[in-house]
Amino acid sequence: MVEVTGGRFWKPYNPSASAPSARGADNAGNMPAGGNPDLFAYREPIDLSNRRLRTLAAALAPAYLRVSGTWANGTYFAESDETPATPPGGFSAVLSRERWKGVIDFARAASAEIVTSMATSPGARDATGLWQSDQARRLFAYTKSIGGRIAAVEFMNEPTLAAMGGAPKGYDAAAYGRDFKAFVAFIRTSEPDVMVLGPGSIGETTASQSSTDFISTRNLLAASGPGIDAFSYHHYGAVSQRCAPGQPTPEAALSEAWLASTDRTFAYYRSLRDEFAPDKPMWLTETAEAACGGNPWASTFLDTFRYLDQLGRLAKAGVQMVAHNTLAASDYGLLDEKTLRPRPSYWAALLWRRLMGTIVLDAGTHHGMHLYAHCRRGARGAVTLLAINTDRTNAVTLRLPVTSERYTLSADDLQSVEVKLNGTALKLGPNDELPRFAAVTSPPGSVEIGPATITFLTVGEAKNPACD
């Protein structure tokens, strides 16, 4: 949301300066209570009409576009085309109709469905502190009036950290439960086609929560009762060096301990899903390399291993949607925020979208390699294998009985912002044309997966009955 409205967001790293020592916020949003202001800088609203941005987003379709974050909790939606110069009392930002129309136009151009969350700060409440639906009604009504659609909505961004997100003083699980029930009643009555996601929690598997302001997901779910259509949660394996210098390090980026944090967070929230919302699908509605805007190496090929391994693990576990934070802001963005040129993980996302279908297969296990298998997208009977070799020095060998088409991602330096596909650097053409992803044919037999590389292998003649 802060990209849409403009506002304070994670300050870019200064290579000549040491990392700040103060601890800051845990997610992408406004400057939270107690946050170190030196960690943030003002950013202008993103230009959602930019042709390059639209072209690159559309290439990932079909997709969801999540416009949320802590900033959304305190954002006032203008009631007319006249946008107030300052936020009304109880709000911290203003979303103009023009900027929200830009979101809707962008989503349409990118063939994306909009996911968002509601304003929940004191300005969205009555004198007794009860949440009111006025802002939500206005947002939905305007969206529909210009031909847009909101597909899914979370009530509040990260209610486990409600105080940091601008909730009223003393906000607790009981208050959340009361508000959530009012929110669900509004959606069911006024917007019955919109999916309710929740609770959108974070912070219970990667760090101890000693703060008295932290609200456990268990307590949130017990207080709110039924009402969600999909169980949503957030995951960051750590906070970046902006907020906690020294962790995680690039040396640990390919370690099993680091990569497996995805599984630990999923398992924790799946157990709560099973207890409070059995059989509801699971959505990971916010994730990236590290909270606090990502580490400097989040923009390099080194983080592509985490990204694709995370997608593979979560697809295998049955997670239906993963929203990567962000498309084009800070160090963990898929695109460089100044040039909007693709970073390595964007190219990885594009390969995933083109080659990995939605039917997940059992790839078995392979010592020394992370291996995932899906039906190939758009090809009956065909299979795609994703082979991730996290060993920095040793190659790994696969044996395939049939011919395969190979797409290998590599870099001359793991912390490079340039990535190669089958040895050729990936880059946009002169008019932002996407490059042709040319495969290398591998005959039946041994296929070597080089050290610290990522390979997609498509097997057109697999004749897998699950893929018909």
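Predicted model: local features only at pLDDT ≥ 70, side-chain atom pairs only at ≥ 80, totals over all residues.

Seven strands form an open sheet with parallel pairing, and their order is β3-β6-β7-β8-β9-β10-β11. Strands here are DSSP runs of E with at least two residues, helices are runs of H or I with at least four, and both are numbered from the N terminus. Two strands pair if DSSP finds at least two bridges between them. At the edges lie β3 (63–67) and β11 (321–324), each of which pairs on one side only. On average, neighbouring strands of this sheet are turned by 25° against each other, direction ignored.

Residues are numbered from 1 along each chain as its sequence is written, and side-chain values use heavy atoms, with hydrogens and water left out.

Within the sheet, β9 (residues 230–236) and β10 (residues 282–288) pair in the parallel sense over six bridges. Y236 has A288 in β10 as its bridge partner.

Let us turn to a single residue. R43 is located in strand β2 (residues 40–43). Is R43 buried or exposed? R43 counts as buried because its relative accessibility is 14%, the limit for buried being under 20%, with exposed over 50% and partly exposed in between (1.4 Å probe, protein chains only). Contact means heavy atoms within 4.5 Å. Beyond residues up to four places away in sequence, R43 touches E3, G6, G7, F9, A328, A329, S330 and E337.

Conventions:
Axes fitted to C-alpha atoms, helices over the stretch in contact; angles between N-to-C directions.
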